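This briefing covers the charged side chains of one protein.

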Amino acid sequence: IALAVAIVIAAMLTGRITTPLRRLTEASRDLAEGDYARRVPSDAIEGSPSELSELGLQFNAMAERLQQSIEIIRRDRDRSREFLADVSHELRTPIAALRTFNELLVEGAADDPSARAEFLETSRAQLERLDWLALNLLELSKLDSGLVLLDLRPEDLRASVEQAVEQSAATARRRGVGL
């Protein structure tokens, strides 16, 4: 009888220990396979010995921090993609303007001194814009690496808008568009 009671008690104690370990093993396997929302169920933790309960709670806390870190990385990756798209657009604008001016000069606008002077001045402004973009990309790279502190200050938006309108005015007039 004592042997039977001992076997029953041993089986109950074994189940009390192995069930939480099995749940923890399943959760860690799922986490390793990319299921970052996987947690050890609280009902598997509650009735187990204190060490296993603590291990399950710490596993869940670790999984939560890992999931948050991965979400931050994904958001940063999305912002990087948007940034690269913006940079590409910003670089294409002065390049397209320079290409247009070059084509106009080749097609005969070079014979008109005032048109040539206007195109050359606008081309100079576009080259300055490209230089400014390159310098800002370098600064952003330094900021990202932590080499430079950010210096925020107000900027006159009107001058930037007027410059953009001025740069596009020749092309707009040629196409019959008023700015």
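The structure, a predicted model, holds eight salt bridges.

**Salt bridge between a loop and a helix**
- Arg39 pairs with Glu64 in a salt bridge whose closest N and O atoms are 2.9 Å apart.
- Arg39 sits in the loop between helix 1 (2–32) and helix 2, and Glu64 in helix 3 (residues 50–106), so this pair ties together parts that are 25 residues apart in sequence.
- Arg39 counts as buried because its relative accessibility is 19%, under the 20% cut-off.
- Glu64 has a relative accessible area of 35% and is partly exposed.

**Salt bridges within a helix**
- In helix 3, Asp76 and Arg79 are three residues apart, about one turn of the helix.
- The closest N and O atoms of the Asp76–Arg79 salt bridge are 2.3 Å apart.
- Asp76 is partly exposed at 35%, and Arg79 is partly exposed at 49%.
- In helix 4, Glu121 and Arg124 are also three residues apart, and their salt bridge has its closest N and O atoms 2.2 Å apart.
- Glu121, Arg124 and Glu128 are linked in a network of salt bridges.

- Asp156 lies in the loop between helix 4 (113–145) and helix 5 (157–174) and is partly exposed, at 45% relative accessibility.

**Confidence**
- The mean pLDDT of the protein is 83, with 96% of residues at 70 or more.

Terms used:
Residues numbered from 1 in each chain as written. Predicted model: local features only at pLDDT ≥ 70, side-chain atom pairs only at ≥ 80, totals over all residues. Heavy atoms only, no water. Helix = DSSP H or I, 4+ residues; strand = E, 2+ residues; numbered from the N terminus. Buried < 20%, exposed > 50% of the residue type's maximum accessible area, 1.4 Å probe, protein only. pLDDT = per-residue confidence, 0-100. Salt bridge = Lys/Arg side-chain N within 4 Å of Asp/Glu carboxyl O.
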